[in-house]
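Please look through the sequence and the structure shown here before reading my remarks.

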Amino acid sequence: CLGCSAAEISLRSKKLLKHLLEVGTKLTARSTSTLFPNLTALNVSRILIGNEEMEALVASSLFPNLTALDVHGNEIEDAGMVAFAASSFFPKLNTLLVSDNRIKLQGMEAFAASPFFPNLTFLEICHNWFKDAGIKSLVASFLFFNL
């Protein structure tokens with residue numbers, strides 16, 4: 001194992017997140033091991049990450065056993081949520097905190113249509129920029145049955 005044994009990591013800097021993703025991607029490209037095999041919870045809330053950082057995070061295979069992701073209080077918009085919805089790197093995710101971002105209808109519709117989150121049982125999406133149509137798309141999706 002290349003990585004740490006911590007089950008939870010809370011990052012308090014956008015710069016640190018970018019560095020972690022960059023270095024982690026380089027290391028895992030050279031090895032068959034994953035950098036954080038035991039990590040189950042990642043908190044990157046309130047560090048002003050936007051679409052670029054969210055897209056890099058969800059394109060990374062660094063966190064295969066992640067069950068909880070907290071990205072609340074950032075600047076994530078539709079593009080970041082669409083990228084998240086298209087990511088198959090979080091098969092064990094059961095908790096997602098994405099409130100207080102800038103997600104509109106397109107991001108919610110993409111997330112609601114995603115087949116990659118069958119284990120999701122807790123979703124916090126309040127204080128975003130979508131309206132009733134965003135909630136309706138979620139309620140109509142398969143995700144709603146586990147929440």
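The numbered points below go from the overall layout to single contacts.

1. A word of caution comes first: this is a predicted model, in which local features need pLDDT of at least 70 and side-chain atom pairs count only at pLDDT 80 or more, while totals for chains, interfaces and linings use all residues. Residues are numbered from 1 along each chain as its sequence is written, and side-chain values use heavy atoms, with hydrogens and water left out.

2. The protein chain contains 5 helices and 5 strands, where helices (H or I, at least four residues) and strands (E, at least two) are DSSP runs numbered from the N terminus. Following the sequence, one reads the pattern β-α-β-α-β-α-β-α-β-α.

3. Of the 147 residues in the protein chain, 44% are buried; here buried means under 20% relative accessible area, exposed means over 50%, and partly exposed lies in between (1.4 Å probe, protein chains only). The chain exposes about 7,300 Å², and carbon and sulfur atoms supply 57% of that area, as computed by the Shrake-Rupley method with a 1.4 Å probe. If one takes the contacts (heavy atoms within 4.5 Å) between residues at least 6 apart in sequence, 88% of them join residues at least 24 apart.

4. How many salt bridges does the structure hold? There are 3 of them, a salt bridge being a side-chain nitrogen of Lys or Arg within 4 Å of a carboxyl oxygen of Asp or Glu. One of them joins Lys 18 to Glu 53, with 3.3 Å from N to O. This pair links distant parts of the chain, since Lys 18 is in helix 1 (residues 14-29) and Glu 53 is in helix 2 (residues 51-58), 35 residues apart. Lys 18 is partly exposed at 39% relative accessibility, whereas Glu 53 is buried at 6%.

5. Another salt bridge is formed by Asp 100 and Arg 46, whose closest N and O atoms are 3.6 Å apart. Asp 100 lies in the loop between strand 4 (95-97) and helix 4 (105-113), and Arg 46 in the loop between strand 2 (41-43) and helix 2, so the pair ties together parts that are 54 residues apart in sequence. Asp 100 is partly exposed, with a relative accessible area of 27%, while Arg 46 is exposed at 52%.

6. Arg 102 and Glu 75 also meet in a salt bridge, at 3.7 Å from N to O. Arg 102 is partly exposed at 29%, and Glu 75 is partly exposed at 29%.

7. The axes of helix 2 and helix 3 come within 8 Å and cross at roughly 5 degrees, the axes being lines fitted to C-alpha atoms over the stretch in contact, with angles from 0 to 180 degrees between N-to-C directions. Helix 2 is therefore roughly parallel to helix 3, a label used for angles under 35 degrees. The contact involves Asn 51, Met 54, Glu 55 and Val 58 of helix 2, and Ala 79, Gly 80, Ala 83 and Phe 84 of helix 3.

8. In helix 5 (residues 132-139), the buried residues are Gly 134, Ser 137 and Leu 138. They cover an arc of only 100 degrees around the axis, so they lie on the same side of helix 5; the arc is taken from the directions from the helix axis to the C-beta atoms. Their cover includes helix 4 and strand 5 (122-124), while the face turned away from the buried side carries the exposed residues Asp 132 and Lys 136.

Notes. Parallel < 35°, antiparallel > 145°, perpendicular 65-115°, else oblique.
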